[in-house]
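User: I am new to this structure and would be grateful for a guided reading of it. Please begin with the terms, and then take my questions in turn.

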Amino acid sequence: MADIKEHMKIIGKDGAHVGTVDRLEGNRIKLTRKDSPEGHNDHHHYIDTKYVGAVEGDVVKLSVNADAVPKTEAA
């Protein structure tokens, strides 16, 4: 997971945009606030790194489709 850097694009297995890396925090990828859903743009969302399938260039490719990615809110 050391290959994951800020501002990398995150896509689902289907190639659809999921978000942009703000930074890596432990075993979670913190997304930039601009990727938060409507009504949730005052805080960050996270994706567990267990959903990362590959890191290629400046793209994080997930092992699940974009619409199936569980995003958690900052606690």
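Analyst: Helices (H or I, at least four residues) and strands (E, at least two) are DSSP runs, numbered from the N terminus. This is a predicted model, in which local features need pLDDT of at least 70, side-chain atom pairs count only at pLDDT 80 or more, and totals for chains, interfaces and linings use all residues. Residues are numbered from 1 along each chain as its sequence is written, and side-chain values use heavy atoms, with hydrogens and water left out.

User: How many helices and strands does the protein chain have?

Analyst: The order of elements from the N terminus is β-β-β-β-β-β-β. The count is accordingly 0 helices and 7 strands.

User: Which strand holds Lys 30, and is Lys 30 buried or exposed?

Analyst: Buried means under 20% relative accessible area, exposed over 50%, and partly exposed in between (1.4 Å probe, protein chains only). Because its relative accessibility is 8%, Lys 30 counts as buried. The strand that holds Lys 30 is β3 (residues 28-31).

User: Which residues does Lys 30 touch beyond those up to four places away in sequence?

Analyst: Contact means heavy atoms within 4.5 Å. Glu 6 is 24 residues from Lys 30 in sequence, with 9.2 Å between their C-alpha atoms. Apart from residues up to four places away, Lys 30 touches Thr 20, Val 21, Asp 22, Arg 23, Glu 25, His 44, His 45 and Tyr 46.

User: Which residues are linked with Lys 30 in a network of salt bridges?

Analyst: A salt bridge is a side-chain nitrogen of Lys or Arg within 4 Å of a carboxyl oxygen of Asp or Glu. Lys 30 pairs with Asp 22, where the closest N and O atoms are 4.0 Å apart, and with Glu 25 at 3.6 Å, N to O. Glu 25 is partly exposed, with a relative accessible area of 24%. The residues linked with Lys 30 in the network are Asp 22, Arg 23 and Glu 25.

User: How far apart are the closest N and O atoms of Lys 61 and Glu 56?

Analyst: Side chains of opposite charge can pair when their charged atoms come close. Lys 61 is partly exposed at 30% relative accessible area, and Glu 56 is partly exposed at 42%. The structure holds 4 salt bridges. In the one between Lys 61 and Glu 56, the closest N and O atoms are 2.7 Å apart.

User: Which residues have the most contacts inside the largest nonpolar core?

Analyst: A nonpolar core is a set of buried Ala, Val, Leu, Ile, Met, Phe, Trp, Tyr and Cys residues joined through side-chain atoms within 4.5 Å. The largest nonpolar core has 14 residues, and those with the most contacts inside it are Ile 10, Ile 29, Val 60 and Leu 62. At least two residues of this core come from each of β2 (17-25), β3 and β6 (59-62). Leaving aside neighbours within four places in sequence, the contacts of Ile 29 include Ile 10 and Val 60.

User: What is the phi of His 7?

Analyst: Most residues other than glycine have a negative phi. His 7 lies in the segment before β1 (9-11), and is exposed, with a relative accessible area of 60%. Its phi is positive although the residue is not glycine, with a value near 75°.

User: What percentage of the residues in the protein chain is buried?

Analyst: Among contacts with a separation of 6 or more, 40% join residues 24 or more positions apart. The protein chain has 75 residues, and the buried share of them is 36%.
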